[in-house]
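Reader: I would like to learn how to read a few features of a protein model. Please take them one at a time.

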Amino acid sequence: DYGNLSASWVTSVRSMGWSLLPLYVGLQAPCNRIRGKINKISRRFAGWQGRSAANTAVSDARNLRMGRGTPIYFDMESYSNSRKGCRHAVLTFLDAWTRELHFRGYTSGIYSNALSAVTALVAQTAINGHRLAEPDALWFALWDSKRNLKGAPYLPGHRWASDRVKQYAGNRTRKIGGYTLHIDADRVGGAVAGP
């Protein structure tokens, strides 16, 4: 169930001049320590799972009237890169995600903590005997409270320099229109959907 998210809502907010950051939340790293029941990437089927997630995300985007060229960010929550098997499964999954999105005509984005998938994507250039398909855009969490797009020391300035979104603070409470919201703060300099 998508709640209030619908094609008419997307059309409505775009007509108001808003841009969107489509985020797909799916399988997580095999070594992820999020509490509660979450589905995790299988080390054996990571490539297939990455392609499947991309196809589901494209189907969702089309149902929301977000056509070819739209960026779709995969939400890969924090995990430990120190475990080689876990890191390999995540990169295999993200490689397949990016390749399938490109094949389907969409822009690939990855959201992750700067210490997790971002660091792994910066450090590794090949996976499973071929060149690692890099996402077109990165959305990274680095809660340094600096309203800029700098990712040092985890993300060098020349990597994804024109396609970055930085989540510089999290878990902030804001009151808007009489509603109390718990939100994160982001600086957007990367691929978005909309005007």
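**A covered helix and its surroundings**

Author: Helix 4 (residues 114-123) has 7 of its 10 residues buried, so it is largely enclosed by the rest of the structure. Buried means under 20% relative accessible area, exposed over 50%, and partly exposed in between (1.4 Å probe, protein chains only). Helices (H or I, at least four residues) and strands (E, at least two) are DSSP runs, numbered from the N terminus. This is a predicted model, in which local features need pLDDT of at least 70 and side-chain atom pairs count only at pLDDT 80 or more, while totals for chains, interfaces and linings use all residues. Residues are numbered from 1 along each chain as its sequence is written, and side-chain values use heavy atoms, with hydrogens and water left out.

Reader: Which residues of helix 4 are buried, and what covers them?

Author: The buried residues are Ala114, Ser116, Ala117, Val118, Ala120, Leu121 and Val122. Their cover includes strand 2, helix 3, strand 3 and strand 6; contact here means heavy atoms within 4.5 Å.

Reader: How do I read strand pairing, and which way do strand 2 and strand 3 run, parallel or antiparallel?

Author: Two strands pair if DSSP finds at least two bridges between them. Strand 2 and strand 3 run parallel, joined by 6 bridges. Between strand 2 and strand 3 the chain passes through helix 3 (residues 84-103), a right-handed β-α-β crossover. Right-handed means that, with the strands pointing away from the viewer, the path from the first strand over the helix to the second runs clockwise.

Reader: What else pairs with strand 3, and how many of its residues are buried?

Author: Strand 6 (residues 137-141) runs parallel to strand 3, with 5 bridges between them; Ile110 has Leu138 of strand 6 as its bridge partner. Strand 3 (residues 107-113) is mostly covered, with 6 of its 7 residues buried.

Reader: Which backbone angles deserve a look in the loop between strand 6 and strand 7?

Author: Most residues other than glycine have a negative phi, and most peptide bonds are trans. In this loop lies Ser145, whose phi is positive, near 60°. Trp160 is also placed there, with a positive phi near 50°. Trp160 is buried, at a relative accessible area of 10%. The loop also holds Pro153, and the peptide bond from Ala152 to Pro153 is cis, with omega near 5°.
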